[in-house]
Amino acid sequence: MKGELMAEEQKFRIPMVKLRNQGFQVSKLGFGCMRLTGINNIPLYVDVGISIVEDAFTKGITFLDSADVYGPHTNKVLLGKSLKQLPREKIRIATKFGIAGTRPTGVLVKGTPEYVRSCCEASLKHLDAK
C-alpha cells in the first residue's frame with residue numbers, strides 16, 4: 001500500500017512557471033499559510049504545521065504566501081521552522097504587509113518606504129532568515 005501511495009504522489013507534481021524576468025521559478029500553485037496559525041484562535045501544533053508545509057513541498061509547491069497579520073507573526077515563525085527542514089534555495093515566499101492597525105472606520109494602511117523596509121526586516125527576523 002505504501003509503495004502505491006508513493007508512486008501516486010510521484011505522478012502528481014505541480015507545474016513550474018518563471019516569475020517575471022528575475023529568473024525565479026515557482027510552482028504554478030501557491031500555498032497560502034494563513035491557517036497554519038490555526039482556526040478560531042486555536043493554534044496548530046508546531047509539528048503539525050511543519051508537516052503540512054513539508055507535504056506541500058513534496059507535492060511540488062515551492063511558492064508560499066504569508067502575511068504580517070497571520071498570527072500575528074507566529075505564522076512566519078512556524079514557516080521559518082518549516083524551512084529549516086527543506087531546501088531553502090528552492091522555495092520562494094511572498095508576504096503581505098501594510099496594515100498598521102485598525103480604526104472604527106477601517107484598517108490603517110501604511111506604505112511609506114521606511115515602513116516597508118521595517119516590515120521586510122521583521123519578516124526576515126521572524127522567518128529566522130537574517
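I began with Val17, which stands opposite Val26 in β2. Strands here are DSSP runs of E of at least two residues, helices are runs of H or I of at least four, and both are numbered from the N terminus. Two strands pair if DSSP finds at least two bridges between them. In this hairpin, with 4 residues between the strands, I found Arg20 with a positive phi near 50°.

A note on what I am looking at: this is a predicted model, where local features need pLDDT of at least 70, side-chain atom pairs count only at pLDDT 80 or more, and totals for chains, interfaces and linings use all residues. Residues are numbered from 1 along each chain as its sequence is written, and side-chain values use heavy atoms, with hydrogens and water left out.

**Lys76**

Next I looked up Lys76, in helix α3 (residues 74-83). Is Lys76 buried or exposed? Lys76 counts as buried because its relative accessibility is 2%. Buried means under 20% relative accessible area, exposed over 50%, and partly exposed in between (1.4 Å probe, protein chains only). Which side chain does Lys76 join in a polar contact of 2.6 Å? The partner is Asp68. A polar contact is a pair of N or O atoms within 3.5 Å; within protein, one must be able to donate a hydrogen and the other to accept it, and residues adjacent in sequence count only if both atoms are side-chain atoms. Leaving out residues up to four places away in sequence, Lys76 touches several others, including Thr95, Ser123 and His126 (contact means heavy atoms within 4.5 Å).

**Salt bridges**

Then I turned to charged pairs. A salt bridge is a side-chain nitrogen of Lys or Arg within 4 Å of a carboxyl oxygen of Asp or Glu. By this rule I get 5 salt bridges.

Lys96 pairs with Asp65, with the closest N and O atoms 2.6 Å apart. Lys96 lies in strand β5 (residues 92-96) and Asp65 in strand β4 (residues 63-67), so this pair ties together parts 31 residues apart in sequence. Both ends are partly exposed: Lys96 at 37% relative accessibility, Asp65 at 21%.

Glu121 and Arg117 also meet in a salt bridge (3.9 Å, N to O). These two both lie in helix α4 (residues 113-126), 4 residues apart, about one turn of the helix. Arg117 counts as exposed at 57%, whereas Glu121 is partly exposed at 36%.
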